[in-house]
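Please read the following walk through a protein model with its sequence and structure open.

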Amino acid sequence: MDTPLSTIAVVGLGTMGAGIADVLARSGREVIGIDISEAAATRAVAALEASTARAVARERITEEERQDVLARFRTFSDLQAAADADLVIEVVPESYEAKQEVFRALDAVVRPEAIIATGTNALSVTRLAADSAHPERVLGLHFFTPVQAMKLVEIVSSVLTAPQAVAAVTGLVHDLGKEPVAVGDRPGFVADGLLFGYLNQAAAMYEAKYASREDIDAAMQLGCGLPMGPLALLDLIGIDTARTVLEAMYSESRDRLHAPAPILKQLSEAGLTGRKSGRGFYSYDAPGSATVVRDALTPLESAGTVPGREVRSVGVAGSGTMASGIAEVFAKAGYDVVLAARSQEKADTAKARIAKSLTRSVDKGRMTAEAREETLARITPAGALDAFAEVDLALEAVAEDLDVKRQLFATLDKVCKPGAVLATTTSSLPVVAVARATSRPQDVIGMHFFNPAPAMKLVEIVRTVLTADDVHATVREVTGKIKKHPVDCGDRAGFIVNALLFPYLNNAIKMVQEHYATLDDIDAAMKLGGGYPMGPFELLDVVGLDVSLAIEQVLHREFRDPGLAPAPLLEHLVAAGCLGRKTGRGFREYARR
């Protein structure tokens, strides 16, 4: 195990295996590709030829270097070709039977000091190692697709793995320009352990017809900055693969959040496994294609047939960051805005905050000084809700407290003219409970903006069972006019984004609580392996641990699922006053400003 890993065999030349072979060959290693399918081997060679040709065209390598890379990759159909390998990486289908067959055959082929790595992301590395003649040389080496682009590699040790094997493979991963994260042996490891629970909940949300596939995907991309929506990602990964990973996770955790959503079984057994079959949650123009085509579930452009109400003026209640941001958004879009707070002084302060924000936009060249003055002129600060008497849309952005919101809506009911639309920006409270504080619940709807409102494109539109069709149509139309993306969802805790985001954050906390992985490793895994803009602990500290705990508690009360119970570590930190960046300490410590 102390010999350099210069000759590496890759067993299984599907998408993942071909990608690993590509990266290894470019790093100067001799690569032996092995697959019983000649077609798979041919595709792997063609993929390397194409990727290196692109590298030459972009002047990243010379043609001579390209030929050297191609010469280092040889393909075979027999495992005997791995006899001289220093490291063997198996990437065959996710089944114990298939992998154990490869491991048993390799025991009779490779040298005793060679390392054997499994590319599994769902099966037990320990179980595979136990079946090997030399369990001390077996470990997990989990790359992420596309291998050439994704920086994360999870290195998985079993209780039997020799430290020298881990050290040798860790050195290789560094040489490849990747980031190794050392993890223990449990299904899903870090990145997939967090990712697949989230994907599963998204599938269940769609199956329950809570929201359309397009709205679920758009919500998570625009609300969380993710590179892909969860249902599109399931199609890319393969619905059958996701089901296998979740089955393995559930068999160990017995957490209902990991129990595969029935729709995953239905689609996979019907052969609708995603992009590779040409159809999964979406339909594609050909098997293996990324191009989505219209099908029976694609929403029609003319779906909104009910005419909305006319909206020329908007009232925004509140004086905090969210209220100021929403008022700025409407004023920029040309609406006359009344910004009402509990006092004239607070309202004036909120308008001053907007003025600063607009000045920054001018300084960055995003708007002209003239447009700034015109936008500010449309905003009228007021010290009481009486100023909402003539607005067409009244929108509150006050404290996330049901009693406070109900009291405010009772006042709006008395102040606002008949036919005015009344909207709440709540992110976790039942909209219908707010609506019932008025004599016109049919005029009440949820408009959940995301912070910072001027920058974030998403608005979750939340209808209650009492919301009128023309009120819904009005708000969708207005959301488009302020250049935001509307997604429709029903009136239940968390709506789309928080219902999918916070269980994922809670599961990350549980990983730390159980000493499975460190804060830094988990954050790195999700950024490098999942393409997330922030790791879960970075995000928790930004959101605020008290806010996060409150949302977790609401979700747990609503769905009564034990898996949604807030992690005790989160509760303890909040009790200790460690609320994140705003207090200088949360999961990490921050310099006081």
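Leaving aside neighbours within four places in sequence, Val432 is in contact with Thr464, Leu466 and Asp491, where contact means heavy atoms within 4.5 Å. This is a predicted model, in which local features need pLDDT of at least 70, side-chain atom pairs count only at pLDDT 80 or more, and totals for chains, interfaces and linings use all residues. Residues are numbered from 1 along each chain as its sequence is written, and side-chain values use heavy atoms, with hydrogens and water left out.

Val432 lies in helix H16 (residues 431-435). Helices (H or I, at least four residues) and strands (E, at least two) are DSSP runs, numbered from the N terminus. With a relative accessibility of 27%, Val432 counts as partly exposed; buried means under 20% relative accessible area, exposed over 50%, and partly exposed in between (1.4 Å probe, protein chains only). From Val432 to Thr241 the C-alpha to C-alpha distance is 40 Å, and the two are 191 residues apart in sequence.

Ser158 is found in the loop between strand S7 (152-157) and helix H6 (163-175). Ser158 is buried, because its relative accessible area is 8%. A polar atom of the Ser158 side chain lies 3.0 Å from the backbone nitrogen of Leu160. Neighbours within four places in sequence aside, Ser158 is in contact with Thr126 and Ala129.

The next topic is helix packing. Helix H18 (residues 497-513) and helix H21 (residues 545-559) have axes that come within 10 Å and cross at roughly 110°. Axes are lines fitted to C-alpha atoms, for helices over the stretch in contact, and angles run from 0 to 180 degrees between N-to-C directions. That makes H18 roughly perpendicular to H21, a term for angles of 65 to 115 degrees. On the H18 side the contact is made by Asn498, Ala499, Phe502, Pro503 and Asn506, and on the H21 side by Ser548, Ile551, Glu552 and Leu555. These residues divide into five nonpolar, three polar and one charged. Ala, Val, Leu, Ile, Met, Phe, Trp, Tyr, Cys and Pro count as nonpolar, Asp, Glu, Lys and Arg as charged, and the others, Gly among them, as polar.

H18 also packs with helix H22 (residues 568-575), at an angle of about 90° and with the axes 8 Å apart. H18 is therefore roughly perpendicular to H22. Ile509, Val512 and Gln513 of H18 make this contact with Pro568, Leu569 and Leu570 of H22. By class, the contact has five nonpolar, one polar and no charged residues.

Key:
Polar contact = N/O pair within 3.5 Å; in protein donor to acceptor, adjacent residues only side chain to side chain. Parallel < 35°, antiparallel > 145°, perpendicular 65-115°, else oblique.
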